[in-house]
Amino acid sequence: MTEDESQAAAEDLAKRLRLLMDVAVAESGTEPTYSQIAGYLQERGTNLSRSRWTYMVNGHRYVQDPAVFEGLAAFFDVDAAFLLGEDGAATPEKVSAQLDLVRSMRAAKVKSYAARTLGDISPKALHAITKFLDEEMTPTPEH
């Protein structure tokens, strides 16, 4: 793996970990702490240092440790293939649902902002803008 490939893999892993952290917040109302994650992995016989976790979640360095990946996948209740970004790995339903919710919330904010900013606009024009935004925010089949 080249240095560029390693950095890209580290950034991809970080995005997936942050997404899983966001899903955990949506499910429980609080973000899992390093101590909770490390404790869970420790119970499974895997050590996760604070510095390694920081590298992983911030995308600073690609960590290649199958035991850590398996433990994190179990902690977040996802397939390790998704966590690793393997080709063909399915996005877990709870992650897809969270992404859909975020897209909807963003679209609603944009619509609200447009309506306030444009002020006195015809209903026909507002409908056209809403239709366009809905189409733009709808995920394509490959996402």
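Reader: In which loop does D77 lie?

Author: This is a predicted model, in which local features need pLDDT of at least 70 and side-chain atom pairs count only at pLDDT 80 or more, while totals for chains, interfaces and linings use all residues. Residues are numbered from 1 along each chain as its sequence is written, and side-chain values use heavy atoms, with hydrogens and water left out. Helices (H or I, at least four residues) and strands (E, at least two) are DSSP runs, numbered from the N terminus. On that basis, D77 belongs to the loop between α4 and α5.

Reader: What is the phi of D77, and is the residue buried or exposed?

Author: D77 follows α4 and is not a glycine, yet its phi is positive, at about 60 degrees. Buried means under 20% relative accessible area, exposed over 50%, and partly exposed in between (1.4 Å probe, protein chains only). With a relative accessible area of 60%, D77 is exposed.

Reader: Which residues of helix α4 are buried?

Author: Helix α4 covers residues 66-76. By the under 20% criterion, its buried residues are V68, F69, G71, L72, A73 and F76.

Reader: With which residues is T46 in contact, leaving aside its neighbours within four places in sequence?

Author: T46 sits in the loop between α2 (34-43) and α3 (50-58). Its relative accessible area is 10%, so T46 counts as buried. Contact means heavy atoms within 4.5 Å. Once neighbours within four places in sequence are set aside, the contacts of T46 are L41, A67 and V68.

Reader: What distance separates the C-alpha atoms of V23 and V95?

Author: V23 is part of helix α1 (residues 3-28). It is buried because its relative accessible area is 3%. V23 and V95 are 72 residues apart along the chain, and their C-alpha atoms are separated by 6.5 Å.

Reader: How many salt bridges does the rule count?

Author: A salt bridge is a side-chain nitrogen of Lys or Arg within 4 Å of a carboxyl oxygen of Asp or Glu. R16 pairs with D12 in this way, the closest N and O atoms being 3.2 Å apart, and R52 pairs with D65 at 2.8 Å. By this rule, the count is 2.

Reader: Where do R52 and D65 lie?

Author: R52 forms a salt bridge with D65. The pair links distant parts of the chain, 13 residues apart: R52 is in helix α3 and D65 is in the loop between α3 and α4.

Reader: How far apart along helix α1 are R16 and D12?

Author: D12 has 31% relative accessibility and therefore counts as partly exposed. R16 and D12 both lie in helix α1, with a spacing of about one turn of the helix, or 4 residues.

Reader: In which loop is D87 found, and is D87 buried or exposed?

Author: D87 is found in the loop between α5 (80-84) and α6 (93-118). Its relative accessible area is 82%, so D87 is exposed.

Reader: What share of the residues of the protein count as buried?

Author: The secondary structure comes to 7 helices and 0 strands, following the pattern α-α-α-α-α-α-α along the sequence. Among contacts with a separation of 6 or more, residues 24 or more positions apart account for 54%. Of the 143 residues, the share that counts as buried is 28%.
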